[in-house]
Amino acid sequence: MPDRLSALDASFLYVEDHATPMHVGGVAIFERPRGGFDYAQLLDLVGSRLPFLPRYRQRVLDVPGHLARPVWVDDVDFDLNYHVRRSALPQPGTDDQLFDLVARLMSRRLAPERPLWEIYFVEGLEGDRVALVTKTHQSVVDGIGTIDLGQLILDDVPAPPEPAEDTWTPRREPSRAQLVVDAVSEAVQRPGELVENVRSAANDALTSVGKVAETLGDVASTLRTVVNPAPQGPLNVRVSGGRMFSVVRTRLEDYRKIRAAHGGTVNDVILTAITGALREWLLSRGVHLGSTATVRALVPLAVRDADTAEYSTPALVGNEVAAYLVDLPVGEPNPVLRLQHVGHAMTAHLDSGRSVAARGLLKVSGFAPATLHSLGARAGGSLSGRIFNLMITNSPGPQEPVYAGEAKLIEMFPVMPLMRTQALAIGVTSYHGGVYFGLNGDRKAAFDVGLLGGMIEEALEELKGAHW
């Protein structure tokens, strides 16, 4: 039987256009070791891990006439050097120059005729640092059969990468006739699916109430969500093809102190800092905010800290990830009350058992940040943009150093994709005592994401000094 894309994976290809590429990115900054860390070593490292990820050497092949969803086939012309690319900043390269490069790289679609991923090895950063910028299409990472490559190239201990022995032999690509025969055979067994495949190829069916109901998995919750769409504002405009990317660096200890003083969880404090920043950002845009004003966020979370159990909000159940719709109280001027509102909203999801879960539960094997952010993007990409204003993903990373070869990871920043009418997406990762924010904004509608990043730092300081 052909390795056919799931309906969800195929939908990410159908809805993609030049303004909304459907890939998830990441920026990992490394300290170059004494022995060096160069492009050739990265090629060896990635090549040695590819046997564990067969999907990364496969491409998507359309079925003639869209009689069935596309299939995954081995790329008989697979070229590792095409996917692992080399770039450099003019020395000494600054962080601003790096993030400007990231914005330009993320605005470009992945080539549909090749495996849907890329890694850029960026040299020239001041302080003898190098950066890896990754791009992986949402159709690739499902967290069950395939994890993100960014997860697999990081190790707990430093070790020089060994040259990869490539013994992989691609399977022969099926002919057009074989693709049609397979599609017809499946259509005989499931005739309704043939009509759905043809229609989905021509239309974005994801915005229909029926598709939202299927995704949310609860009819009553779905009706309430659709009847009460997300509030409108500058976050929700038709996006352009350009991007702006900015980051925020904070310390995990600050969130722990706020949690200890006011209750809740570290995740609640992170969301509250973002809420405070969004409040100031909207006010700077001249938006009138009444006391009950909210911004609705889709929040896919994996929230467990094995050592402290601080990541204990309800989004983690065993080996599963949940995504929630959370109304952030941007109209509340008191930072402590904002924290209480956010904590109450998250607790309500736990108490309800289902509430308005945006994607149900997604099973994953492991909880590496790269994979979790990809799964969060899948949750957001499968829903109508009318029901939430922005996506915020939060994934805890290891609190001990990790390495690519012998290069020590210093910082990691997620780059979440934008939907057609959502000008901002925020990814958050904790790692080795730090909490790192990646802010991806539309170049026209959210040109001032750097300003918003500074406001997150100010909101965190406000929480640290807040009293009842």
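# Briefing on a predicted protein model

In helix α10, the face turned away from the buried side carries the exposed residues Lys257, Ala260 and Ala261.

- Helix α10 covers residues 252-262, and its buried residues are Leu252, Asp254, Tyr255, Ile258 and His262.
- Seen down the axis of α10, these buried residues fall within an arc of 160 degrees, so they line one face of the helix.
- After α10 comes Gly263, which has a positive phi near 85 degrees.

**The six-stranded sheet**

- Six strands form an open sheet in the order β4-β5-β6-β1-β14-β13, and their pairing is mixed.
- The edge strands of this sheet are β4 and β13 (403-404), each of which pairs on one side only.
- Strands β5 and β6 run antiparallel and are joined by seven bridges; Glu118 stands opposite Lys135 of β6.
- Strand β1 is joined to β6 by nine bridges, again in the antiparallel sense, and Ala28 stands opposite Leu132 of β6.
- Strand β1 also pairs with β14, in the antiparallel sense and over seven bridges; Val27 has Phe413 in β14 as its bridge partner.
- Eight of the nine residues of β1 are buried, so this strand is largely enclosed by the rest of the structure.

- Val46 is in contact with Leu80, Val84, Trp117, Ile119, Leu149 and Ile153, leaving aside its neighbours within four places in sequence.

**Two buried residues with polar side chains in contact**

- His373 is placed in helix α13 (residues 369-381) and counts as buried, at 4% relative accessibility.
- The side chain of His373 makes a polar contact of 2.8 Å with the side chain of Thr429.
- Leaving aside neighbours within four places in sequence, the residues in contact with His373 include Val24, Asn394, Pro414, Met416 and Thr429.
- Thr275 lies in helix α11 (residues 266-284) and is buried, with a relative accessible area of 0%.
- The side chain of Thr275 reaches the backbone oxygen of Leu271 at 2.7 Å.
- Not counting residues up to four places away in sequence, Thr275 touches Leu328, Pro329, Val330, Arg338 and Val342.

**Backbone features**

- The peptide bond from Gln91 to Pro92 is cis, with omega near -5 degrees; Pro92 lies in strand β4.
- Asp128 is not a glycine, yet it has a positive phi of about 55 degrees.
- Asp128 is found in the loop between β5 and β6 and counts as partly exposed, at 46% relative accessibility.
- His432 is likewise not a glycine and has a positive phi of about 50 degrees.
- His432 lies in the loop between β15 (424-431) and β16 (434-442) and counts as partly exposed, at 33% relative accessibility.

**Confidence of the prediction**

- Among the elements of the protein chain, β7 has the highest mean pLDDT (98), and strand β11 (residues 357-363) has the lowest (30).
- Over residues 303-320 pLDDT stays under 50, and the model has 51 contacts beyond four places in sequence for them.
- Over residues 352-367 pLDDT also stays under 50, with 62 contacts beyond four places in sequence.
- Where pLDDT is low, the predicted coordinates should not be read in detail.

Terms used. Residues numbered from 1 in each chain as written. Predicted model: local features only at pLDDT ≥ 70, side-chain atom pairs only at ≥ 80, totals over all residues. Heavy atoms only, no water. Helix = DSSP H or I, 4+ residues; strand = E, 2+ residues; numbered from the N terminus. Buried < 20%, exposed > 50% of the residue type's maximum accessible area, 1.4 Å probe, protein only. Polar contact = N/O pair within 3.5 Å; in protein donor to acceptor, adjacent residues only side chain to side chain. Contact = heavy atoms within 4.5 Å. Pairing = 2+ DSSP bridges. pLDDT = per-residue confidence, 0-100. Arc of directions from axis to C-beta.
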